[in-house]
Structures are given as structure tokens and as C-alpha cells.
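Open the model in your viewer and keep the selection tool at hand. Each stop below tells you what to select and what is there.

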Amino acid sequence: MRDLLVVEDLQQVFKGRKPIYAVDGVSFRLPEEPTILNLVGESGSGKSTIARIILALLRPTAGHVLYKGVDIFTRDRKWKRQFRAEAQAVFQDPYSVYNPVYKVERVLKLVIRKFGLASSAAEARQRMEESLRAVDLRPQEVMGRYPHQLSGGQRQRLMLARVYLMRPRLIIADEPVSMIDAGMRASFLNILLDFRDTYGISTLFITHDLSNAMYLGGEIIVLYQGRIMERGETQGVTKAPLHPYAQLLMSSVPVPDPSRRWEEDVTGLALAEGGPSTSSQRQRCLFAERCPQSMDVCWQARPILRIPDGADMAARHVACYLYQEEQKRG
Amino acid sequence: MLATKSKRLAFVAAMAALFALMACASPVSEPIVIEVTSTPEPMMPAEVELVFGDLPRDETFIVASQAPNNDVWDSFNHYQAATYNNASGYNQLTQEMPFLEWDGVIYPWLAQSWEYDGDGTELTLTITEGVNWNDGMPLTIEDWLFTLQYNADNADKGIAWASFLTDIEWRAEGSNQIVFTLPESNFRFHQNFIGHIAGAWRPVAKHVWEGQDATTFKNPDAIGSGPYRLVSANSDTRTVIWERRDEYWDPERLPAPKYQVWLKRPEADVAVFEWEEGAYDLGRIPFQLMTRMMSANAHIKPLVHQDPCPRGLIFNVMNEPLDDPLFRRALGLLMNRQAVANLANVPSYVTPVLWPNTGEIDERFYDAAAAEEFEVTTFDPEKAVQLLDEAGYALVDGVRLDKSGNPISLDAFYIDIGDPAWTVWSWLLAEQAEKVGIEVNPRLLDIPTFFAQGPNGEFDILFRWFCTRPSDPTAMYDGLHSKYAMPIGERSSGIPGRYRNPELDAIIDQIRTGDPASAATQELFRQAYRIWAEEQPYLSLFGENEGVAFNTQYWTGLEVGQPWVHWGAHFRQMMVWIVPAQ
Amino acid sequence: MVAQETETMEAAEVSGRREAVHYIVRRFGIYLFTLWAAFTVAFFVFRMVPGDPMTILLGQLSRAEGQLDPEEAEVIIAHYREVFGLDEPLYKQYVFYLGNSIFRGLDFGPSFVAYPTPTRDLIVQRLPWTVGIFTTSVLLAWIAGTGLGAVMGWLHQRRLTGLAVAVSTLLQITPVYLVALGLIIYVGFALRWLPPGGPYAAHLQPTWNWEFISSLLRHAILPMLSVMLTLGAGFTLGMRALMISVLGEDYLTFAKAKGVLPLTILKDYALRNALIPQVTGLAIVLGATLNGIFIVEVLFQLPGLGTLFVQAMGLRDFNTMQGIVLFSIFAVLTLTLIVDLALPLLDPRIRKTV
Amino acid sequence: MKNARILIGVVMLAVILAVALIGPSVVDRVLFPDESPTSRGSYRPYQLASTAHPIGTDGDGRDGLAVFVSSITPSLAIGLIAGLISTSLGVALGFFAGYAEGRLDTLLRILIDMVLVIPTLPLLLMLAVYIERWDLYKLALILGLFGWAFVARVIRPQVQSLRERSYVDLARLSGENTPEIIFLELLPPLLPYIVYVLSLAVVGAMLAEAGLQIIGLGAGGLPTLGFMIAKGFREGVIGVGLLGQMFLPAGALIVVFLSLNLINTGLDQIFNPRLQTTIEGR
């Protein structure tokens with residue numbers, strides 16, 4: 001079966017006085033059928049960088065991103081145009097996503113024009129109104145307004161309207177609900193679920209807020225300092241996290257309620273700038289210094305992401321020596 | 001928070017310290033102040049240090065001079081071309097050779113006379129005896145011989161009065177004569193070092209200059225022969241104070257002022273008020289301001305004299321159509337000289353020659369018939385049109401074309417020294433030229449650019465002053481010699497119009513060594529004048545009057561009509577006439 | 001947005017000292033590079049000007065001395081071309097000049113405006129005048145402007161403040177040379193309260209007595225006033241605007257609501273936050289101020305670098321011109337460097353952004 | 001309040017423009033119907049003010065008032081052309097630097113800082129000499145070439161902060177290419193600011209031109225207000241008593257600067273109150 005999106009050994013190093021490993025060897029795939037994949041991690045874990053790479057806004061230092069089997073950084077313009085039409089984004093800040101000099105519906109008009117979504121002005125208008133209604137916005141309340149005249153929730157839903165209009169195959173939603181009111185969140189997330197079920201749109205949902213991921217379900221990937229710590233069914237991972245880091249994360253989430261906000265940095269230990277800055281220093285478990293169960297081996301080699309030993313959790317992967325019997329014994 | 005606060009304090013303190021440091025380092029600069037300390041043996045008792053403010057006004061003569069940019073206030077070295085000594089008084093208050101002025105009269109000074117032998121190969125110079133330096137030491141023939149040798153030794157160092165000694169031998173005869181032996185007959189040898197309008201060759205004191213580098217020695221005490229000695233020089237205020245020395249060797253010509261103060265006043269506007277208060281006794285100031293000063297202070301009167309250097313235009317004959325004498329004459333006819341002369345600060349006059357004269361043209365060198373025939377001073381646009389038409393410069397659609405069919409366009413360069421006549425000529429010419437279909441672009445250049453582009457021939461028309469020796473217009477023709485017609489872009493040391501004329505070359509070669517007093521040489525001059533008038537490689541425009549202001553409140557004695565120009569080195573001669581007002 | 005800021009703060013915390021060293025080294029490297037580049041640009045640019053000192057010299061000689069013998073003229077020119085190194089190819093002149101400047105204690109060669117005084121001596125002699133006026137007037141203007149601006153910002157609703165703002169605006173937009181001309185004409189000529197030009201009375205010698213000092217001060221008032229008026233007006237308006245914007249910030253409203261005394265607010269909150277941009281502003285105006293001071297020097301006939309530069313320009317005295325340009329670049333660059341390095345001390349937030 | 005500023009500024013500017021545009025022909029036709037008052041040598045130089053010559057005649061024998069009114073247009077033209085040149089250059093470079101990343105940006109920033117720090121006066125003086133055959137456009141070009149660094153320096157951070165906004169990413173996702181992003185997304189929000197910078201550049205150029213003239217090394221003979229002031233100062237018109245020939249041009253310059261400043265601050269307050277502090281700090 002062909003995968004929709006394949007991310008292979010992605011690496012992104014920002015060069016500087018001190019190199020920053022934003023993304024360090026991340027691989028995952030999204031299947032052909034509509035799914036939701038949650039990307040969770042604290043700030044600095046590289047999740048936004050992954051989003052930008054997948055959207056072809058940023059070229060990775062190493063690794064590949066294949067969309068329907070084709071490298072997204074191809075030179076084929078026609079293909080790229082098609083890719084733009086099929087992979088879309090919803091960004092975190094619903095204000096800065098609008099150019100302040102234009103009226104808000106420009107974001108809709110632009111894609112209609114660029115991707116030829118309507119053959120006449122009337123059709124364009126009709127499609128715009130339709131998409132607005134699809135995300136519970138009343139066209140007359142939104143059209144002709146400037147961004148600062150709308151509420152945060154309205155602006156973010158307008159983004160969804162844009163996505164609706166385009167009917168992409170894939171949405172990369174980068175912290176889409178972190179800056180809108182708690183009350184609006186659930187309805188926003190519902191729209192995403194609805195997109196999946198009704199239109200077959202897959203979502204790569206990026207958040208630092210586990211409660212959102214729990215609400216959405218699907219699969220989850222836990223990132224730490226640019227590396228995947230644990231991966232599996234959201235249900236299973238959140239209920240019984242294996243990796244000490246995942247456990248730390250889960251312990252700080254009281255109840256899976258999207259209307260409550262997960263306090264940021266409960267761990268109080270978020271590390272910025274991707275931790276150690278040379279590749280030799282990074283040949284170990286990066287969580288080791290914070291890990292209550294760390295062993296000598298954690299400091300010596302990098303644990304690989306694999307199915308935990310002695311567990312019958314087939315879909316679960318974890319990068320931790322605790323679940324690698326031979327290491328534990330040795 | 002505490003840490004940040006202390007850092008902030010540290011920063012503020014550091015900035016404050018920095019500024020304080022800079023402020024402390026800079027209250028007053030250390031100006032170049034020369035206090036003459038070496039007291040020579042036979043001098044008067046040690047003086048109290050004098051400053052300008054303590055000088056009795058009625059015993060002090062104050063000169064407000066103007067100086068070019070290289071005004072040097074701590075170096076009194078007249079060898080150095082780069083050192084301009086006119087503003088400090090050094091050139092005026094120390095002395096030179098016998099003096100031959102434009103009226104032909106010889107004024108003996110440090111030397112008495114010169115004499116050529118019959119064939120012009122030997123010159124005997126008689127020097128004045130009993131002269132002393134302004135530090136009291138005697139000036140003897142030893143100093144003269146030292147000076148000659150010193151000049152010759154430094155000939156390659158670009159010092160003044162050096163190159164004329166090439167291939168020349170000299171010896172002393174007794175205690176007051178020097179005999180020069182010349183390699184070939186030359187009746188003009190003396191003019192190289194005696195006959196300048198200003199800046200003639202002068203001796204230097206052996207006891208001061210011996211062993212000194214002629215290019216860098218500053219002669220800090222301003223030792224020379226003259227009736228004054230240096231008291232102080234201040235580079236900040238550009239003020240030099242001199243004191244009269246009563247043991248001067250020529251008591252008959254001892255000037256009256258006990259002190260002289262020379263200072264530079266760059267901005268005329270500022271000076272006006274000081275003039276009105278009687279701060280200065282003599283100085284150059286624009287005539288328009290002088291009028292105002294005179295109405296405010298009745299003691300101030302203008303001394304007007306002719307500037308010895310008439311003004312004229314040079315045509316670059318390398319550029320078409322300026323290579324055509326007819327075209328050049330047509331331009332001359334378009335030039336309203338009288339209008340320009342009228343605009344000058346002090347009413348000036350139109351002159352048909354380009355050498356110094358005393359108002360009356362020196363007929364010995366001048367061909368009146370040629371001037372008449374070729375209309376060298378006439379303003380006649382109609383005649384100009386006629387000449388242009390005849391010469392084949394067609395007028396098409398109001399534009400006159402040169403012989404290759406291109407519209408004629410000429411750049412006319414000038415500099416602005418604050419005298420309207422120097423700038424307005426080009427505009428008046430442009431106006432007239434436009435009427436006959438020729439484009440003339442007046443272009444104001446700054447002085448350095450002017451001096452660079454002129455000699456390099458990068459111009460069409462150039463405004464310039466013309467200076468030559470008194471009673472001898474050789475230089476006016478010499479500069480037209482073909483040997484100075486360098487390609488454009490190379491510096492020409494003659495008149496930079498690139499003029500070539502074998503006929504004139506032959507005449508010039510004869511004039512150069514001939515005695516200007518002889519009838520044969522004068523005939524050659526008249527021939528040269530005729531060629532010039534017909535060809536007009538340069539145009540004579542006007543001779544200018546110059547005004548200096550003289551404050552008669554404390555000193556009088558200077559009059560209009562005295563033979564000297566009232567500024568620069570001529571002041572040396574005028575000084576003796578100055579008498580106290582009461 | 002929130003996340004980003006947290007990142008930044010954390011980063012600054014972690015990499016602290018090493019970052020600072022890196023920053024200083026890097027900033028110093030840029031400083032040296034800029035200095036060199038400016039030096040090179042200045043060198044070649046000045047050599048491209050038409051006219052060279054020698055022809056000017058000849059022009060002067062032929063005016064002052066009447067006709068100059070052409071052969072003698074050639075010798076004179078050849079000599080000075082050698083003295084000033086003008087007969088060498090340009091690149092050799094450059095290498096020589098660069099070498100001399102660095103390794104022989106800023107030996108810029110002989111000057112032509114005051115031959116044979118070396119350019120370095122000449123600059124050193126003129127420097128105190130420029131530096132004196134520059135530092136004093138900039139500093140006074142900055143202090144007065146900042147203070148006045150703070151008060152005007154604090155009391156920005158008063159009617160009198162409106163008038164003061166109008167006057168400051170007028171002064172700020174008036175070019176320094178017009179202010180200088182106005183002062184020369186009105187105070188110097190019409191009222192005759194103060195001398196309209198010159199460093200001190202011409203009859204004085206620099207000695208530390210009262211007569212000299214008072215004369216010096218009297219002569220310094222107008223030039224410094226013209227710089228201070230324009231510059232100070234700029235600082236005043238800048239500080240006022242900063243104050244108003246700082247006063248509008250939420251935390252100040254909060255502080256007021258908490259009942260903190262107005263003066264404490266002024267001192268502890270508003271002033272402190274407005275001062276940093278004001279210091280940056282100081283760094284930015286340095287270069288422009290130097291230009292202004294050069295003009296003021298010329299107008300007031302002060303024997304500083306500006307006057308010297310105009311003199312040197314009039315003679316195409318390359319050595320002196322370059323020396324002055326280099327010095328002023330050096331001064332402005334160094335002051336900017338100092339301000340840049342010092343700013344992070346004032347405000348750690350800047351450390352990351354610079 | 002804001003509108004009052006703009007109003008006063010516009011009125012002042014309009015008066016100056018009217019004098020500049022209509023003045024010469026009025027002076028020519030009304031005061032001197034039979035003569036050409038700006039032709040050199042027309043009258044006796046340095047005549048004091050009279051009914052025939054309201055502010056006297058200048059040193060070249062021209063009518064002072066006629067010279068004054070005909071000097072305004074060249075001054076304004078120089079300011080405007082130079083301002084446009086430096087603003088467009090500066091905006092282009094500021095955009096380039098702001099949009100470029102990594103080394104190129106660092107290099108451009110160093111370049112901008114360097115140019116900004118070199119005292120322009122000496123270089124301007126030098127160029128004033130270097131240029132052959134001065135005309136208004138050349139002078140404007142030179143002044144324009146010197147003003148870009150300031151513009152680039154203030155534009156660059158603005159561009160940088162704008163391009164960090166998500167809407168630039170969104171525009172790219174919506175299929176816009178780089179030119180479209182620059183011209184449709186980044187430029188429009190900055191336009192009011194660019195206009196503001198432009199007027200600063202205009203004033204800067206006029207100021208520099210007059211300054212050059214006043215220390216005596218300006219463009220030879222170009223009839224600008226600065227030249228009139230400089231010539232008057234050199235020739236001592238105050239001493240002669242021709243005050244009008246000094247105060248009129250100086251006053252005109254100040255009025256132009258003041259009116260532009262008023263319009264500027266007025267516009268600025270309307271469009272972008274936050275930006276004001278960054279500019280005024282200069």
C-alpha cells in the first residue's frame with residue numbers, strides 16, 4: 001500500500017555559534033487512508049520545524065520527505081503546485097496569518113485564483129460562502145472585514161474555511177488552538193475530525209498540549225529535543241506511557257478535557273536550542289540527565305526506536321533502554 | 001535584579017568616565033606658539049613677553065591679511081614652494097635683492113646694482129655693505145656665497161631660486177661684489193633672481209641655515225634681514241606679532257610702527273565690524289563692504305591700485321572649431337569687455353594687452369595698428385556673425401554647426417573668488433553666443449580642479465589672470481611656444497591652449513635672450529603682438545583695480561597713486577612711508 | 001509567540017558567558033573589518049579626485065611670483081611628487097600608506113596645508129578643538145535633551161509643553177548651519193553680545209589666566225550653542241516620544257493602580273525603560289553630528305578638523321584629508337562599538353537581538 | 001490635533017510651492033516687465049533694498065527677489081529626486097537584506113552600517129569636486145546615492161519582522177512566488193512607513209545640498225537656496241545690509257523642512273503610532 005506521506009530520517013541543524021539540532025533523525029509515515037497523527041512535545045522539541053519542512057517551507061539538512069512517493073523538494077513545478085493544493089496548513093497565531101492591509105477574505109480569494117477553484121466570480125463567491133458556513137462562520141459577519149475586526153476564534157476558523165475550500169489531502173495544523181479561547185477549541189477540533197470523516201482529509205496535528213491529542217485520538221508521536229521518544233496509538237500511549245519522558249508528560253495532564261488548558265512546561269525543564277550541540281555529544285539518550293531511571297548505557301549510546309521487548313503492544317515503539325532486555329541486563 | 005542594577009550603574013559610570021576623559025583631554029589645544037627665546041649677543045635688554053592686547057595701539061600697525069589654504073604659521077622658510085609666507089608678514093618684513101619695479105625704477109636694497117659685460121656672459125652684482133640680520137648678526141659676502149652654494153646644492157629638491165644656477169659659476173670680488181660667469185650670452189640672467197614683482201632671490205643667514213635641510217627647516221625665529229624681529233606666532237588665531245628693531249642697518253628706512261601684527265581674517269563679514277571699530281590698519285576686503293565700513297568709520301579710506309595681472313581667456317586650439325583663428329576672433333567680438341569691467345568690485349578697465357602696465361600702454365612693445373585692425377577689444381556681435389558666416393559656420397535652425405556639421409558647444413571654465421567680474425564674463429559670453437547659435441556652458445570650478453584641468457588642456461575656454469615681468473612681456477609670448485603644446489591630458493607649463501605657430505616660435509626664441517631695452521628686441525615684440533592680434537590664441541579681457549582698506553586713525557602716509565601695490569610683498573617698500581597720524 | 005519568547009530567555013540563561021564573549025569577538029571583528037574597508041574606500045576615493053597638489057601649488061606660485069620659469073617649475077613639481085609619494089603606482093601608494101598608518105604610529109605622511117608639518121602632528125594639534133566641541137555639546141545636548149524630554153513626556157498634556165514641543169520641532173528641523181548663521185548674524189553682529197568667530201581673541205596667547213579662559217569660553221558659546229540647540233531638540237523630542245509610549249504601557253497603568261507614587265514611576269519605570277533607546281539614539285547621531293560640527297567649525301573659524309579638512313580639500317592635500325576622514329570614521333565606529341557593547345549591560349533582552 | 005498638523009504643513013508647503021511655481025513669472029512680468037532680472041550683470045551689484053529691487057541686487061548684478069524665487073524649484077527638485085533615489089535604493093536594499101538569510105544578510109548589514117558610519121560630508125565634498133559639468137540631476141543623484149544606507153537600515157528590520165509573520169508562509173502555501181510575496185505581501189504594509197522615510201530623505205538631501213554650498217564646495221553655480229545663502233555669506237551681504245538675501249532663502253528652507261515634518265508626524269500618528277519612537281530617536 002502506498003503511503004500518503006513518508007518522513008525519512010529527517011534532520012535539521014541550524015548553524016550558528018552553537019549548532020542547534022532542531023530535528024534529529026525523525027521518521028514516520030502517514031497511511032493512504034484518512035488519519036490523524038499527533039506530534040507532541042515541549043517547546044523546542046522540533047515539532048514546528050517538522051511542520052515547516054513538510055510544508056516545503058524549509059529545506060532539511062538531511063533526510064527526505066516523500067509525498068505520495070515523490071520527494072517534495074523536487075524541481076518539478078507542476079508537481080509542486082499540485083502538492084501545494086493538496087498539503088495545507090493551519091498556523092498557530094490566527095492574527096499574524098493575515099496581512100493587515102487586506103480584507104480577510106483575501107486568503108480565500110487567493111487560493112481560488114491561484115488554484116483555479118472557481119470559473120466565475122459568482123462561483124467564487126458562492127464557494128467562499130459555502131466554505132465559511134462549513135466552519136460555522138456567517139459570511140456577512142466576516143466578509144469585507146479587516147483581520148483586527150475579527151475575534152481570534154473567527155480568524156482561526158476562517159483558516160479552516162480556507163482548508164475546506166481547498167479540500168487538501170493533508171492538513172498540517174501547527175498549534176492551531178493554542179491561542180484561541182478554550183470554548184472554541186472543542187468545536188475547532190471537531191471540524192478537523194469532521195474533515196477526516198467526511199472529506200477524507202488527514203491531519204498532522206502539532207501541539208504541546210496532550211489534552212488536544214487525546215481528544216483527537218489517532219496516532220501520537222512524542223518528541224523530545226528533535227527525536228522521537230515514543231510512538232503509538234494515542235489511546236494506548238496516553239493511558240500507559242512507556243518512555244520516562246512520556247510518563248513525565250502524562251503525569252502532568254490531569255484529565256483529557258480539551259476545554260482545560262494543559263499548563264505549559266509543568267515539567268519546568270524544557271530545554272531550548274536542541275540540547276548538546278555536537279553530533280558526538282548527541283550519541284546518547286538526550287533525556288538521560290532528567291531521567292529518574294537512567295542507567296550507564298543511556299550515556300553511552302543512542303537508544304533506537306523499536307518495539308519494546310516483552311510487551312505485546314505491536315503498534316508501540318519506544319526509544320528507551322528500559323525496554324531493551326539485552327541492554328538492561330548488560 | 002540586583003545584578004542588573006549594578007551592571008547598569010557600572011555602565012553609566014563607564015560612559016561618564018569616558019566622556020569626562022574626552023572632555024578633560026580637550027579644553028584647549030596646544031597651538032603652535034613660537035616664543036623667540038634665543039637672544040643674540042648685541043641685542044637690547046631682555047623683553048617682557050608681549051601679547052597683542054598689551055601693545056599700545058598707536059604704536060602698532062595691524063594688517064588683516066588673506067591667505068590661501070596653505071597658510072603656515074610656524075614655518076618661515078621662503079625656499080619652500082608649499083609654504084605660503086605672505087600672511088604672516090615674513091615675506092614683507094624681511095628683505096630681498098635690489099628691486100626692479102614695473103615703472104622700470106631700480107630700488108637698491110640688500111644689493112645695489114648689477115652690470116653685464118659687453119657680450120652678456122658675465123654679470124657683476126654689487127651688494128650693500130653694513131647690513132645685519134634681524135638677530136643682530138652681520139650679513140656679509142660669506143652669507144651670499146653660502147646662499148648661492150646652498151641653492152645650488154639643493155637644486156634637485158624643488159626649492160625656489162635653484163635651477164637658474166645650473167652651469168653657472170660665481171666668485172666673490174672683494175667684500176661687496178659677486179661675479180657670475182654664464183655659459184652663453186644672456187642679458188636676462190638677472191631677471192631670474194632679481195626682477196620679480198615680488199619674491200626675488202634673497203640671502204639666508206649662514207649661521208642659521210648651515211647644515212639645515214632646505215625642505216624641512218622651519219626657520220622658527222624668522223631670521224632674515226629686515227627692520228622687524230619675530231615676537232610670537234599663534235596658529236590658532238593665525239596671528240603673528242613683530243617688533244621693530246632699532247639697531248636695523250638702514251636707519252633712514254626704519255619704519256615708524258614699533259609693532260606689527262599680521263593676522264588672517266578669512267570671512268569678510270566678520271572683519272567688517274572689527275574694521276569699523278578700528279581693529280585693523282591695512283587689509284584687503286571686498287569693495288562692497290568697504291563702502292559700508294567707510295560710512296561707519298570716517299578714518300577708513302580705500303587705496304585703489306591696478307592689479308599687475310590683467311585677466312584674459314585662453315582658447316584650447318586642439319578643440320574644433322577653436323582651432324580656427326576666425327572663429328576665435330568671432331568669440332572675441334562677442335565678448336562685452338566693458339560690461340564685465342563695469343561689474344568688477346572696483347571700476348576696472350579694458351586693456352588690449354596682457355601684461356602689466358601703468359595705465360598707459362608701453363608703446364615699445366605694442367603695435368597699435370594691429371590692435372585696431374584685428375579689433376582686439378571690440379564688442380560687435382554683428383561683425384562676429386559676419387565672420388562666422390564667412391568662415392563657413394552655417395546656421396541651421398538657430399544652431400551654428402562646425403565644419404563637420406555638429407552643433408557647436410563650448411565649456412567655459414572659471415573660478416569664483418568673490419569678484420563678480422570673474423564669474424559674470426562667462427554668462428555674458430554665453431548670452432551673446434546663444435544669440436548667434438553657439439552654446440557656451442559657463443562652468444564654475446573649484447580652484448584645485450581649475451588648476452588641474454587648465455594645464456592639462458581639458459577645457460574649451462579658460463578664464464585666467466596673466467602675470468609677467470614688468471617692462472618685459474616676454475612671458476606672454478613665450479607661453480605660446482609650440483614646445484608647450486602637449487597632447488591633451490599632459491600638463492603644459494606654458495599657456496595651456498596648445499597653440500602652435502613656427503613663425504611665432506622663431507620670434508620667441510630670439511626674444512628670450514635679447515635685451516628688452518634694445519630696439520631690435522622691441523621690434524620683435526611688435527611682430528609678436530601682430531601675430532597674436534591676428535590669431536588671438538588667447539583674449540585680453542580687462543585689467544582690474546584692487547582696493548585695500550586703510551585706516552588712517554593711527555597711521556597715515558599711504559596714498560593712492562604710489563607706485564606699489566598695496567599688499568603682498570610690496571608692502572616692504574611702502575612701509576617706510578607710514579607715519580603716525582598725530 | 002509565547003513559546004518563542006520563552007525559548008529566547010532560556011537560551012540567554014544557558015549560554016550566557018560564552019555567548020557574550022562570542023558576541024564581543026564578533027562585534028570587534030566587524031569593527032576591524034569596517035575600519036579597514038573604510039580606510040581603503042577613503043584612500044582610493046580621494047585619489048580619484050581631479051587635481052593634484054602640485055598643479056595647485058604651481059598655480060599659486062605663478063600668481064604670487066609672477067611668471068615662473070617652466071624648467072624650474074618642473075623641478076619643483078618633481079620634488080614634491082616624490083615627497084608626497086605621488087609618482088608611485090596607486091597600489092604601491094596604498095600598501096605604503098596602509099603600512100605606515102598601522103606600523104608607524106598613524107604616520108600619514110607630510111601635510112601639504114602646513115608643509116612640512118606631518119599630518120599626524122597637524123591632526124593632533126587640531127583635534128582637541130573638534131573633540132572639545134563635539135563631546136561637550138553632544139553630552140550637554142544629550143543630558144539636557146533627555147531631561148527636558150522626560151519632563152515634557154511626563155507632563156505631555158500641559159499646554160506649556162505643547163509650546164515647548166513646537167519650539168523643539170522647529171529647532172530640530174533647522175539645519176545646524178542655519179542655526180549657526182543665525183547666531184553669528186544676530187548675536188554676533190546685530191546684538192554684538194558674543195564674538196562671531198575665532199577660537200579666542202586674537203591678541204591672546206593660551207595661558208591659564210582668567211582673561212584667556214573667559215575669552216575662550218565666550219568664543220565657544222555660539223558654536224556649541226548651535227550644535228546643542230539642534231541636537232538637543234532632537235534628543236528632547238525623542239525622549240518625549242519614548243516617555244509617552246513607555247507611560248502608555250500596561251505595567252505602568254498597573255503600577256499606578258497599585259498606588260505607586262508618580263515620582264517613583266517616573267524614576268523607576270518610565271525613565272529606565274526610555275533610556276535604552278535614547279542611548280541607541282545617541283550612537284546613531286554621532287556620525288551626523290560630526291558632519292554638523294565640521295560645518296560649524298568652518299562657519300565660526302575654529303581651528304578644528306573641519307576647517308582643516310576644507311583647507312586640505314582646497315589644496316588636494318590627500319594625506320591630511322585621509323587622515324581626517326580616517327580619524328572621524330575611527331571615532332564614530334569606536335563610539336558606536338562602545339555603545340553597542342555596553343547596551344547589553346543595560347538591558348539583557350538586547351543581548352540576543354543584536 | 002493630528003489633522004491640524006497635517007493641515008498646517010500642507011498649507012505651508014502649498015505656499016512655498018506656489019511661490020516656487022508662480023513666483024518667477026510674477027516677478028518677471030509684474031516687477032520687471034521689460035528686463036530679465038536674473039540675467040547676470042543686469043544691474044549694479046549690491047544695491048540696497050528699494051522699490052525697484054525689494055531685497056536689493058546680488059553680487060552678480062541680478063535682482064535678489066528674482067533670484068530667490070527662481071532658486072526654490074531647483075532646491076525642491078534636488079531634494080525630491082535625491083529623496084526618491086535614496087528611498088528606492090534603500091528600500092530595495094533593505095528588502096533584499098531583510099529577505100536574504102545568513103551570510104548575505106550579515107554582509108549587507110555590515111555594508112549598511114559601514115556606509116552609515118562613514119562621515120558623508122568629506123565624501124560629498126570630494127564628489128562635489130569630482131563631478132564634471134554639474135547639473136541638478138547629477139547633484140541629486142550623488143546626494144541620493146549617499147542617503148540609501150539610512151533608509152536601508154530602517155527598512156531592513158521592518159522587513160525582517162514582517163517576513164517572520166505567518167501570513168508570508170501562508171501566501172507561499174497559497175501559491176505565491178517570491179516577487180508576489182515581496183510586492184503583494186511585504187511592501188503594502190510598509191508603504192506608509194516608506195512615504196515617511198521618503199520625506200525624511202528629501203529633507204536630508206536638501207539639507208546636505210545647502211550645507212555643501214555653505215562651506216563653499218557645492219555644485220558650481222547651481223541656483224539653489226543653499227547657493228544663495230552661501231554666496232550671500234561669502235560676499236558679506238549682511239555686512240552690506242542686504243538682510244533679505246540671507247533671511248529669505250534660509251527661511252524658505254526652514255519652512256519646507258517644517259511643513260514636511262508636520263505632515264510627516266501627522267501621517268505617522270495616523271498610520272503607525274508605534275513606529276514613531278524608533279524614528280524620532282534618531
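Start with B:D281. This residue is buried, at 0% relative accessibility; buried means under 20% relative accessible area, exposed over 50%, and partly exposed in between, with a 1.4 Å probe and protein chains only.

Before moving on, note the ground rules. This is a predicted model, in which local features need pLDDT of at least 70 and side-chain atom pairs count only at pLDDT 80 or more, while totals for chains, interfaces and linings use all residues. Residues are numbered from 1 along each chain as its sequence is written, chains are lettered from A and ligands numbered from 1 in the order in which they are written, and side-chain values use heavy atoms, with hydrogens and water left out.

**Stop 1: a salt bridge in chain B**

B:R57 and B:D281 form a salt bridge, with their closest N and O atoms 3.0 Å apart. The term stands for a side-chain nitrogen of Lys or Arg within 4 Å of a carboxyl oxygen of Asp or Glu. B:R57 lies in the loop between strand 1 (33-35) and strand 2 of chain B, and B:D281 in the loop between helix 5 (268-276) and strand 14 of chain B, so the pair ties together parts 224 residues apart in sequence. Helices (H or I, at least four residues) and strands (E, at least two) are DSSP runs, numbered from the N terminus. B:R57 is partly exposed, at 21% relative accessibility.

**Stop 2: strand 2 of chain B**

Select residues 60-65 of chain B.

Which strands pair with strand 2 of chain B? Strand 13 (residues 259-264) of chain B runs parallel to strand 2, joined by 6 bridges. Two strands pair if DSSP finds at least two bridges between them. Find B:A64 and its bridge partner B:L263 in strand 13. Strand 14 (residues 282-284) of chain B also runs parallel to strand 2, with 2 bridges. There, B:V63 has B:L282 as its bridge partner.

**Stop 3: strand 22 of chain B**

Go to residues 461-465 of chain B. Strand 22 is mostly covered, with 4 of its 5 residues buried. Strand 16 (residues 311-315) of chain B pairs with strand 22 in the antiparallel sense, over 5 bridges. Strand 20 (residues 409-414) of chain B pairs with strand 22 in the parallel sense, over 2 bridges. Here B:F413 stands opposite B:L462.

**Stop 4: another charged pair**

Select B:R512 and B:D478. They form a salt bridge, the closest N and O atoms being 2.8 Å apart. The pair links distant parts of the chain: B:R512 is in helix 14 (residues 502-513) and B:D478 in helix 13 (residues 474-478) of chain B, 34 residues apart. B:R512 is partly exposed, at 29%, whereas B:D478 is buried, at 6%.

**Stop 5: where chain D meets chain A**

Show chains A and D together. 15 residues of chain D are in contact with 22 residues of chain A, contact meaning heavy atoms within 4.5 Å. D:L170, D:L173 and D:S174 supply 39% of the area that chain D buries against chain A, more than any other three residues. Buried area is the accessible area (1.4 Å probe) that two parts lose on being put together, summed over both. Between these chains that area is about 1,700 Å², with 57% from carbon and sulfur atoms.

How many salt bridges are there between chain D and chain A? The count is 4. To see a salt bridge between D:E185 and A:R106, zoom in on their closest N and O atoms, 2.8 Å apart.

**Stop 6: inside chain D**

Select D:D105 in helix 3 (residues 102-117) of chain D. D:D105 is buried, at 9% relative accessibility. Leaving aside neighbours within four places in sequence, D:D105 is in contact with D:A97, D:A100, D:R156 and D:Q160. Next, pick D:D58, D:D60, D:R62, D:K231 and D:E235, which are linked in a network of salt bridges.

**Last stop: chain C**

Finish with chain C. This chain has 13 helices and 0 strands. Of its 354 residues, 59% count as buried.
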